[in-house]
Amino acid sequence: RRMLGRGSPALERSSSGGQTGEAKAMAQLSDSISVRGVSYTVRERVGPWWNVSLYHKKWTRQILKDVSFHIESGQIMGILGNSGSGKTTLLDAISGRLGHKDNFFGEVYVNGRQLKKEQFRDCFSYVPQSDTLLSFLTIQESLTYTALLTLQKRSNDFIKKKVDAVMAELSLSHIADKIIGSRIFVGISGGERRRVSIAAQLLQDPKIMLLDEPTTGLDCLTANQIVSLLSELAHRDRIVIMTIHQPRSELFRLFDKIAIMSFGELVFCGNPMEMITFFSNCGYSCPEQSNPFDFYVDLTSVDTRSKERELKTYSRVQVIVSAYKNSEIFSKVLAAIERTKCMKELPPIPLKNKDSPSAFYKLWILLRRTTRNFSRDKMGIIMRLLQNLLFGLFVAFFLLRLRSDLVKGAVQDRVGLIYQCVSAPPYTGMLNAVALFPPLRAISDQESKDGLYKNWQMLLAYIVHFLPFSVISVAIFSTFIYWTAGLYPDASRFGIFFAVVLASHVIGELLTLVILGVVQNPNIVQSGVVLLNSAGVIVGTGLVRTIEEMPTPFKILSYLTFQKYSSEVLTVNEFYGLNFTCGGANSSTAINAACIFSNGIQFIEKNFPGALSRFTIDFLILYAFLPGLAIVAILSFKVRERIIGR
Ligand SMILES: Nc1ncnc2c1ncn2[C@@H]1O[C@H](COP(=O)(O)OP(=O)(O)OP(=O)(O)O)[C@@H](O)[C@H]1O
Ligand SMILES: [Mg+2]
């Protein structure tokens with residue numbers, strides 16, 4: 001039962017006051033973060049793309065400017081500042097999550113040591129501004145799966161106890177079995193969601209917690225509860241750094257440190273009492289009735305509504321900044337940083353609890369989690385299982401039954417049906433992936449940054465989870481359409497038909513996943529795959545224009561499309577061994593012009609020369625697309641990990 005941290009809370013509390021002699025003695029025991037001279041710049045284009053001359057110019061924008069502070073365990077720090085002042089960026093900088101690290105200067109020390117690249121995510125827990133949770137799981141399930149992903153080597157009993165303890169700590173126990181919910185259906189409230197996100201981080205017993213706006217969008221009471229909770233967490237031997245918007249004045253005393261940011265600069269950082277004294281000394285005392293947070297943030301904001309005001313407010317901020325940098329408070333911070341750096345007996349870098357499971361076990365947990373989540377999604381399941389059938393019903397209703405009389409469209413109808421069976425199932429697969437995968441992708445982006453698993457592992461779990469759905473869905477569709485429309489009545493041919501449609505359906509879904517790896521916007525992905533599918537059908541099937549007649553570039557291109565193989569196999573599967581009739585005995589010679597084929601083999605030889613001998617190889621190539629695309633999808637998500645990790 002070491003839930004509540006290592007040291008004695010009472011002891012730790014006393015060290016949080018300042019850098020006095022007493023604290024110095026204590027500091028050897030407590031963990032600390034020192035941030036010194038952190039600056040961050042980005043290169044931005046001056047104008048939008050439609051303004052050509054400005055678009056080609058770039059300017060350097062400083063987002064963080066020489067930020068320094070020092071905080072020790074047992075303390076909670078609130079970062080204030082108006083929108084765009086660089087609060088989130090500062091948290092990202094501390095936790096090593098910034099892109100373009102070459103524009104980053106300054107040092108971040110934990111217990112006096114600089115962290116190595118891979119230590120960042122094991123050291124900090126980061127609760128981002130938006131909650132990413134699976135909507136169909138209960139709170140308890142959600143936390144249990146997270147625990148399983150991080151603490152596999154522990155017994156199930158341990159994990160259960162741990163989850164219960166964390167839920168109790170965040171007062172979630174009474175709603176443990178409530179479904180989390182999403183924007184589409186109601187579940188737990190916004191404040192409860194925030195607490196679940198915090199709880200998920202607490203499972204690993206982090207010593208350093210960063211939270212980006214944990215209270216935004218919540219009512220005052222809930223917001224206050226969350227801040228009090230975080231302050232309690234901090235006082236149990238943790239470091240908590242949070243950004244906050246418009247806190248109530250009651251919270252003033254809950255923070256051990258308050259930092260105010262303006263235009264990337266730290267205008268002030270110190271404890272609440274120091275803050276009041278400091279600003280009074282600068283000539284700005286907070287009026288009795290006003291909220292000190294609002295007052296000081298307003299005071300240090302740059303008003304950009306007009307040039308004059310901007311200059312006036314900016315110079316005011318500069319005066320305050322230089323007053324702060326010359327103050328005793330700031331020199332104490334610098335001294336504390338130097339002291340920790342030189343300290344001999346530093347505590348080790350505090351890492352989160354981590355006994356990560358093997359890659360296989362992670363995959364297994366992810367598969368269970370994904371399956372359980374989707375198994376609760378009634379509409380999702382209905383959509384998955386019946387979408388192909390609905391399409392089949394429509395085709396069957398339109399086509400009725402295939403006939404063998406050429407005059408009555410024996411060839412035409414079959415070609416049309418094959419065309420539909422080649423082009424529609426990939427499309428339904430694509431729709432599935434676009435509808436169901438992006439929320440999972442958002443979660444895996446988040447959790448892979450936390451080091452729980454890799455993006456591609458979630459992808460693979462998703463692929464494995466949808467295979468049974470695809471098999472059932474395509475089985476329902478094939479059985480219905482094959483026997484209703486009256487395709488070649490033979491069990492093994494039906495088996496091949498089923499196998500080809502299944503492959504196309506899964507290929508459609510895999511192809512979409514490949515693109516979802518590198519393209520963020522699902523709408524663009526959807527348009528892209530629809531076009532890709534149409535192009536594939538036109539170039540590859542040989543049903544729109546026979547391949548023989550196509551110009552060479554298209555012929556070559558057709559070999560790259562999976563539709564080429566599926567349509568050849570389906571055509572041979574249906575036409576081989578078929579004998580046609582031609583009208584009744586009394587049909588005229590004019591109608592007989594339709595009767596150019598007397599059997600199916602002639603049709604195949606005319607439109608798909610050589611397809612008969614390629615039957616097996618076509619089938620194998622079609623199936624080779626599956627592992628091929630799965631591998632490409634994994635690679636695509638590895639690339640994604642690079643991109644988002646930068
Ligand atoms: N990678 C980046 N490229 C370009 N600009 C960036 C980048 N990251 C941050 N910025 C800019 O830096 C400024 C500070 O952003 P940041 O998100 O840190 O502000 P914030 O204080 O968290 O604001 P809010 O309170 O609205 O969340 C913003 O103007 C933002 O546009
Ligand atoms: Mg922010």
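This is a predicted model: local features need pLDDT of at least 70, side-chain atom pairs count only at pLDDT 80 or more; totals for chains, interfaces and linings use all residues.
For residues 459-483, the end C-alpha atoms lie 36 Å apart, and the span is 100% helix and 0% strand.

The next step is to look at the whole protein. It is divided into domain 1, residues 9-342, and domain 2, residues 379-645. Taken over C-alpha atoms, the centres of domain 1 and domain 2 are 51 Å apart. The contact between them takes 13 residues from domain 1 and eleven residues from domain 2. Together the two domains bury about 1,000 Å² between them, and 53% of this area is on carbon and sulfur atoms. On the domain 1 side, Arg97, Arg121 and Thr132 lose the most area to domain 2, together 46% of what that side buries.

Aromatic rings are another feature to follow. The structure holds 28 aromatic pairs. In one of these pairs, tryptophan 483 and phenylalanine 494 have ring centres 5.7 Å apart and planes at 40°. Planes under 30 degrees apart would count as stacked and those over 60 as edge-to-face, so this pair is tilted. Where do the two residues lie? Tryptophan 483 is in helix 17, residues 455-485, and phenylalanine 494 is in helix 18, residues 491-518, so the pair ties together parts that are eleven residues apart in sequence.

The two partners can also be sorted by accessibility. Tryptophan 483 has 39% relative accessibility and therefore counts as partly exposed, because that class lies between the 20% limit for buried and the 50% limit for exposed. Phenylalanine 494, at 18% relative accessibility, counts as buried.

Ring pairs can also join into a group. Phe268, Phe278, Phe279, Phe295, Tyr296, Tyr324 and Phe330 are linked by ring pairs into a cluster.

The charged end of arginine 493 sits over the ring of tyrosine 488, at 3.8 Å from the ring centre. The charged end of lysine 564 likewise sits over a ring, that of tyrosine 559, at 4.5 Å from its centre.

Technical notes: Residues are numbered from 1 along each chain as its sequence is written. Chains are lettered from A and ligands numbered from 1 in the order in which they are written. Side-chain values use heavy atoms; hydrogens and water are left out. Rings of Phe, Tyr and Trp (its six-membered ring) pair if their centres lie within 6.5 Å; planes under 30 degrees apart count as stacked, over 60 as edge-to-face and the rest as tilted. Helices (H or I, at least four residues) and strands (E, at least two) are DSSP runs, numbered from the N terminus. Buried means under 20% relative accessible area, exposed over 50%, partly exposed in between (1.4 Å probe, protein chains only). A charge sits over a ring if NZ of Lys or CZ of Arg is within 6 Å of the ring centre and within 35 degrees of the ring normal. Domain bounds come from an automatic or database domain assignment. Contact means heavy atoms within 4.5 Å. Buried area is the accessible area (1.4 Å probe) that two parts lose on being put together, summed over both.
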